Amino acid sequence: AGPFGALLALPVLVSIFPSAFHLLLPAPPRLPLAQPFGIVEMAALPAPQPGGFSLDAPDLALALGALWIMGVCAAAARLTVAAFCLSALKRRSRLFALPPQALPKVAATHRECELRLSDREVGPIAWGLFQPIILLPVSATDWPRDRLHSVLLHELAHIRRRDWAVQALSHLVCALYWLNPLVWIGAKNLRREAEIAADDAVIVSGVRPSSYAGELLKLAAEFRMRRPPALANMALFMAEPSALEARVESVLAPTSLRTGVTPMDVVEIAAAG
């Protein structure tokens, strides 16, 4: 997330600090000065330009700027469609109340979360920054207690880590730098790391790694074709199949560090960014 924050700050820094490089454009040709009637010599006129299409530096800059704006608008439209799809999923869902013994044992925080049940086989998914929502598929009412417990721990980890805000930041950076393929690759890896970090939180809470890896495989097999196309790469799906292999390897790795970053790590990463 540090490099994405730095990329978002670059336009602000460019507008504040003067640039060390200056682009010099050729000056326009000067018109000949008026000559008095007593002088016989003809003033040298600029040679006529040959017909055809010519593109100078200002026109090229304008064309590139228009192309960049078109890409930004397309990325913004994609985000808008995804926001409408999430809003529609919330409208068609209902609140899902669980008995106290079925709730996962996590440390209390000051942030509240809505647990909702979808009217279709969509999820599990979490989104929202100020009013986070966990959406479970309609079949979650028949899930065994161990699966429900693991899924809730995973989604609560996303909310506690504020992964939705980080993903929104990455989408904004991708819209601004859509011409750079490294930004899209970084956003994909950022989503994968967010899922691995949430998996680590589940393992740290006491869930057996082999059991949790089995639940991940079952969820991916059940929901691999049930994700709305408009939400592809726009939300954190627990059953995302693209990073499943890396996640299972991380869950089963006996030497993985699962404690997360420390405050000093955050300071160092921010300075590097």
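## Close-up views of helix packing and strand pairing

**View 1. Helix α6 packs against helix α7 in this predicted model.** The axes of α6 (residues 209–223) and α7 come within 9 Å and cross at roughly 165°. Angles over 145 degrees count as roughly antiparallel, so α6 is roughly antiparallel to α7. The crossing is right-handed. From α6, the contact takes in P209, S210, Y212, A213, L216, L217 and A220. From α7, the partners are L244, R247, V248, V251 and L252. By class, the residues of this contact of α6 with α7 are 10 nonpolar, one polar and one charged.

**View 2. Helix α5 passes helix α7.** Here α7 spans residues 244–252, and its axis comes within 10 Å of the axis of α5. The two axes cross at roughly 30°. Angles under 35 degrees count as roughly parallel, and α5 and α7 are therefore roughly parallel to each other. This crossing, too, is right-handed. On the α5 side stand R192, E195, I196, D199, D200 and I203. They meet A246, R247, S250 and V251 in α7. The contact of α5 with α7 divides into four nonpolar, one polar and five charged residues.

**View 3. D200 sits in helix α5.** Is D200 buried or exposed? D200 has a relative accessible area of 11%. Buried means under 20%, so D200 counts as buried. Which residues does D200 touch, leaving aside its neighbours within four places in sequence? The contacts of D200 are S250, L257 and R258. Of these, S250 also belongs to the contact of α5 with α7.

**View 4. Helix α3 packs against helix α5.** Helix α3 covers residues 145–161, and α5 covers residues 181–204. The axes lie 8 Å apart, at an angle of about 120°. That angle makes α3 oblique to α5. The crossing of α3 and α5 is right-handed. In α3, the residues of the contact are S150, L153, H154, A157, H158 and R161. In α5, they are A194, E195, A197, A198, D199, A201 and V202. Seven residues of the contact of α3 with α5 are nonpolar, three are polar and three are charged. E195 and D199 of α5 take part in this contact, and E195 and D199 also meet α7.

**View 5. A243 lies in the loop between β5 and α7.** Strand β5 covers 236–237. A243 has a relative accessibility of 11% and so counts as buried. Along the chain, A243 and K188 are 55 residues apart. Their C-alpha atoms are separated by 9.3 Å.

**View 6. Strand β2 pairs with β1 and with β4.** Strand β1 (residues 94–95) and strand β2 (residues 114–117) run antiparallel, joined by two bridges. R94 has L117 in β2 as its bridge partner. Strands β2 and β4 run parallel, and four bridges join them. Here L115 is partnered with I134 in β4.

**View 7. Strands β3 and β4 form a hairpin.** Strand β3 (residues 125–127) runs antiparallel to β4, and three bridges join them. A126 stands opposite I134 in β4. I134 is also the bridge partner of L115. Five residues lie between β3 and β4. In the turn, G128 has a positive phi of about 105°.

**View 8. Both faces of strand β4 are covered.** Strand β4 comprises residues 133–136. In a regular strand, side chains alternate between the two faces of the sheet. In β4, I133 and L135 are on one side. I134 and L136 are on the other. All four are buried.

View 9. From the N terminus on, the elements run α-α-β-β-β-β-α-α-α-α-β-α-α. Buried residues make up 32% of the 273 residues. Among contacts between residues at least 6 apart in sequence, 65% join residues at least 24 apart.

Note on methods. Residues numbered from 1 in each chain as written. Predicted model: local features only at pLDDT ≥ 70, side-chain atom pairs only at ≥ 80, totals over all residues. Heavy atoms only, no water. Axes fitted to C-alpha atoms, helices over the stretch in contact; angles between N-to-C directions. Parallel < 35°, antiparallel > 145°, perpendicular 65-115°, else oblique. Left-handed = near helix turned anticlockwise from the far one by under 90°. Contact = heavy atoms within 4.5 Å. Nonpolar A, V, L, I, M, F, W, Y, C, P; charged D, E, K, R; others polar. Buried < 20%, exposed > 50% of the residue type's maximum accessible area, 1.4 Å probe, protein only. Pairing = 2+ DSSP bridges.
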